[in-house]
Amino acid sequence: MKVLVLGSGVIGVTSAYYLARAGHEVTVIDRQPKPALETSFANAGEVSPGYSSPWAGPGVPVKAVKWLLMKHGPLVIRPKLDPVMCLWLLKMLRNCTTSRYAVNKSRMIPIAEYSRDCLQALRNDIGIRYDERARGTLQLFREQAQLDHTGDDIAVLKQYGVPFEVLDREGCIKAEPALASVKQKFAGGLRLPHDETGDCHMFTQALALEAEKIGVRFSFNVGIDGLNADATRITGVATSAGMMTADAYVLALGSYSPHLVRPLGISLPVYPVKGYSITVPIKDAAGAPESTVMDESYKVAITRLGDRIRVGGTAEISGYSTKLYAARRATLDHSLTDLFPRGGDLPKATFWCGLRPMTPDGPPVIGATRFANLHLNTGHGTLGWTMACGSGRVLADMLSGKKPEIDTKELSIKRYDQRFG
């Protein structure tokens with residue numbers, strides 16, 4: 001079939017690559033001049049199936065109040081007269097129960113684990129490189145109480161067969177030697193040895209080149225204005241370059257996906273949650289992290305990417321604003337300099353933000369819609385990089401009429417019913 005993929009972030013490009021490998025004639029369109037220039041550009045760099053959990057969980061409403069009052073808190077809400085934001089927040093609160101958390105996590109772990117396997121296979125198949133490392137992730141606890149309350153997390157890891165290590169202070173230093181100079185600042189950690197890291201932007205641009213080799217066409221600097229449809233099918237995409245048509249359409253526009261389907265009567269509960277990052281040149285390699293360290297107190301990830309350190313964090317609910325706030329950078333600066341004071345050349349850091357496409361329950365939305373030739377691949381939140389290859393692969397299988405290698409029924413838009421909101 002002729003397939004039109006809307007969006008050239010990591011989700012759109014992986015979808016296009018796997019669709020082309022399946023034999024389809026694929027075109028990708030995007031308003032940007034190159035792939036991965038928005039949310040995929042400077043994320044935290046983690047490929048972390050073990051941390052694939054919903055943000056909506058038991059205790060989160062109480063924690064949110066605490067976070068909002070912290071100087072370097074991980075949560076910021078900038079209220080707006082936006083009914084879509086209010087409805088999304090209410091749906092998220094409805095999912096903050098033990099039972100719904102368990103259901104939603106059970107939907108996320110399989111696609112995340114499968115995606116990591118697909119990424120590893122891709123490396124073996126085409127030799128793609130993106131400053132990748134496979135040295136695990138260390139969740140660092142500054143307080144003993146945090147370490148003492150890891151029981152629920154460990155139970156979930158055991159349930160899904162995810163390897164883990166509970167480490168004392170010396171164990172953390174063995175995994176991340178640069179922490180030796182600040183060992184008085186933490187009590188221990190939880191390490192997931194099978195997690196990986198890598199530069200999502202570098203990967204997406206490299207994969208786009210590989211996709212072109214197998215026939216994918218990219219049309220950049222093309223604005224997407226709307227979808228035309230009859231009662232049962234999409235008939236074309238209105239763009240700044242004119243009407244574009246295909247046999248099938250894949251919507252992979254991240255936070256902007258709901259705008260395109262709302263006029264068609266499809267309610268897609270994806271809302272932007274802004275994240276920030278700084279990218280810092282390494283000044284002292286021995287003082288930099290080996291892989292990813294998750295600063296649990298501030299919900300900040302500190303990741304080594306080649307000769308750089310990427311520091312990412314914050315959940316800011318402020319609509320579609322991409323304004324950079326200095327206070328958010330101060331949190332990232334603080335976490336880095338507090339744990340890795342010698343590692344990075346902070347004055348040379350670059351500051352960035354991106355809009356994560358979040359669903360209120362956590363899992364992405366992948367698969368068919370009530371329009372026979374319109375398929376969704378969006379709503380991955382903070383886990384777009386983690387879930388990208390698996391999401392692209394299962395989407396290509398669905399569109400090709402093949403049964404995906406994992407069960408994707410619970411990732412469908414149909415899950416948004418009265419039970420789960």
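User: Ala, Val, Leu, Ile, Met, Phe, Trp, Tyr, Cys and Pro count as nonpolar, Asp, Glu, Lys and Arg as charged, and the others, Gly among them, as polar. How does the lining of the second largest pocket divide by class?

Analyst: The model is predicted: local features need pLDDT of at least 70, side-chain atom pairs count only at pLDDT 80 or more, and totals for chains, interfaces and linings use all residues. Residues are numbered from 1 along each chain as its sequence is written, and side-chain values use heavy atoms, without hydrogens and water. The lining of this pocket includes Val84, Trp88, Arg262, Ser267 and Tyr271. By class, it holds nine nonpolar, one polar and two charged residues.

User: Which helix gives the most to the lining of the second largest pocket?

Analyst: A pocket is an open set of points on a 1 Å grid over the protein atoms alone, with protein on both sides within 12 Å along at least five of seven lines; its lining residues have an atom within 4 Å of a point. Helices are DSSP runs (H or I, at least four residues) numbered from the N terminus. With four residues, the greatest contributor is helix 3 (residues 83–94).

User: What is the volume of the second largest pocket?

Analyst: Pro258, Ile266, Leu268, Pro269 and Val270 are among the residues lining this pocket. Its space comes to about 210 Å³.

User: What is the volume of the largest cavity?

Analyst: In a cavity, a 1.4 Å probe fits but cannot get out; the model has one cavity of 30 Å³ or more. Trp55, Ala56, Met358 and Asp361 are among its lining residues, which divide into six nonpolar, two polar and one charged. The volume, the space filled by probe spheres set on the points, is about 30 Å³.

Key:
Helices (H or I, at least four residues) and strands (E, at least two) are DSSP runs, numbered from the N terminus.
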